[in-house]
Amino acid sequence: MAKALSASVQMDELESGLGLNNNESASDENNNNNTNPTPFYDYDPNESFSTYFLEDLIPTSIVYGLTLIVGLTGNILIMYTVVRFRRMRTISNIFLASLASADLLLILVCVPVKYVKLFSYSWTLGEVCCKFVYYIQNVSSICSVLTLTAMSVERYYAIIHPVRSRYMCTTSQARRIIITIWILSLVFAVPIIFVQIHLEVGVRIQAYWCVRDWQSPILWQSYEVYMLILILVVPSGVMCYTYTRICHQLWVVVKERADMTLGNVGCSTEISIRTKNYPMSSSTIVKPRSTIHRIDDDNAQVKQ
């Protein structure tokens, strides 16, 4: 009986000791979780390289493939035409060649990398490539927007100020503007290097992601505002002003041309009637030369 009681007491002490140890270990895990709040982004490498969602990959592959083929063909043809044929080197075509080169840079560098990213959960191209790809993407976007803005300003001077555009809007001046646009694009795209980071993820197996710096929300939010102003607000304001003035000027010219044409027809009819009733000498016949010259000038202005 005494042996049975002593054995039961020993079992109770052993169970209480195990419970204490379990509580201590649980408390230690809670303390560790509280002291290390940094999240871990874990992934399974086998699942990463063997899991595909065809309903997403097939449409995306078709769009990327068509973009690559059409973009390469169209932009290369534009650049070849402007470079090969001298008569095609007009101011507008020079700006179009710059726009085509920016699009070609985006297609050659960014589209293949974006397509490869669809087949993996992690970034396997390294930190330099991570920053370089997004830098080139921003360079192309900024250059395209600035080129379109410069084209709108050139059209504005050609139509609103045709006399001033003869010495301001020249091919040499267009080349200087394009060089300036590319230099500004290379400079304005630098902030993406600091916003895009090479983030280490994984607990069991380490890997990397190429993402925005989530731990610095003020940095990337400021960058988004910066890009919004640079490639949307300012260019949209400039192009809205220039194209609004162009449309208004064209409407005025077309209206004046219609009025002068109707007036010229009425004047010609009156002269023919007077000539029929009262023959006049050739020296007294009225010839509205100023009106004809004015119509020719307006036609040339509209063609520009």
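This is a predicted model: local features need pLDDT of at least 70, side-chain atom pairs count only at pLDDT 80 or more; totals for chains, interfaces and linings use all residues.
**Figure 1. Salt bridges in the structure as a whole.** Three salt bridges are found when the whole structure is searched. Among them are the pair formed by R155 and E154 and the pair formed by K255 and D259.

**Figure 2. The salt bridge between R155 and E154.** The side chains of R155 and E154 meet at 3.0 Å, N to O. R155 has a relative accessibility of 25% and therefore counts as partly exposed. E154 has a relative accessible area of 8%, under the 20% limit, so E154 is buried.

**Figure 3. The salt bridge between E224 and R212.** A distance of 2.5 Å, N to O, separates the side chains of E224 and R212 in this salt bridge. Because E224 belongs to helix 9 (residues 217-277) and R212 to strand 2 (residues 207-212), the pair ties together parts that are twelve residues apart in sequence. E224 is partly exposed, at 34% relative accessibility. R212 is also partly exposed, with a value of 26%.

**Figure 4. The salt bridge between K255 and D259.** The side chains of these two residues, K255 and D259, form a salt bridge of 3.6 Å, N to O. K255 has a relative accessible area of 44% and is partly exposed. For D259 the relative accessible area is 44%, and D259 likewise counts as partly exposed.

Terms used
Residues are numbered from 1 along each chain as its sequence is written. Side-chain values use heavy atoms; hydrogens and water are left out. A salt bridge is a side-chain nitrogen of Lys or Arg within 4 Å of a carboxyl oxygen of Asp or Glu. Buried means under 20% relative accessible area, exposed over 50%, partly exposed in between (1.4 Å probe, protein chains only). Helices (H or I, at least four residues) and strands (E, at least two) are DSSP runs, numbered from the N terminus.
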